[in-house]
Amino acid sequence: MGIIAWILIGLLAGFIAKALMPGKDPGGVIITMLIGIAGGLLGGWLGKVIFGVDSIDGFFDLSTWIAAIIGSVILLALYRLITGNRHAHHRHA
């Protein structure tokens with residue numbers, strides 16, 4: 001798939017991940033979109049490493065979308081964990 005397809009999948013996967021994990025995120029929409037793009041790549045890589053499958057078969061393949069969404073959810077959770085602790089620490093200081 002081309003880079004434009006990855007950006008589209010990442011943007012939509014980031015949106016879906018945000019819908020699955022509602023709440024206030026530091027960084028806003030731009031950060032969520034970037035997390036979605038990176039999450040799509042992470043999901044594809046994890047699918048290949050853990051399950052030995054090529055989860056990046058095509059734009060309309062369900063496995064591509066599932067991998068991208070799972071990767072986006074993982075990165076969004078990590079981002080919240082890292083930035084949430086940092087913001088909470090500053091508030092209490």
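Predicted model: local features only at pLDDT ≥ 70, side-chain atom pairs only at ≥ 80, totals over all residues.
**Overall picture.** From the N terminus on, I read the order of elements as α-α-α. I then turned to burial and found that buried residues make up 30% of the 93 residues. For the accessible surface I noted a total of about 5900 Å², with 76% of it belonging to carbon and sulfur atoms. I also looked up contacts between residues at least 6 apart in sequence; 72% of them join residues at least 24 apart.

**The core.** I listed the members of the largest nonpolar core, which are Trp6, Ile9, Ala13, Trp65, Ala68 and Ile69. Helices α1 (3-20) and α3 each supply at least two residues of this core.

**Ser72.** I located Ser72 in helix α3. A polar atom of the Ser72 side chain lies 2.9 Å from the backbone oxygen of Ala68.

**The surface patch.** I next looked up Ile66, which has its place in helix α3 (residues 62-92). Ile66 is partly exposed, with a relative accessible area of 44%. Ile66 belongs to a nonpolar patch on the surface, together with Leu62, Ile70, Ile74, Leu78, Leu81 and Ile82. For the patch as a whole I noted about 660 Å² of accessible area.

Note on methods: Residues numbered from 1 in each chain as written. Heavy atoms only, no water. Patch = residues over 30% accessible without salt bridge, like charges linked within 9 Å, V, L, I, M, F, W, Y side chains within 5 Å. Areas by Shrake-Rupley, 256 points an atom, 1.4 Å probe, with all protein chains shown as cover. Salt bridge = Lys/Arg side-chain N within 4 Å of Asp/Glu carboxyl O. Helix = DSSP H or I, 4+ residues; strand = E, 2+ residues; numbered from the N terminus. Buried < 20%, exposed > 50% of the residue type's maximum accessible area, 1.4 Å probe, protein only. Polar contact = N/O pair within 3.5 Å; in protein donor to acceptor, adjacent residues only side chain to side chain. Core = buried A, V, L, I, M, F, W, Y, C linked by side-chain atoms within 4.5 Å. Contact = heavy atoms within 4.5 Å.
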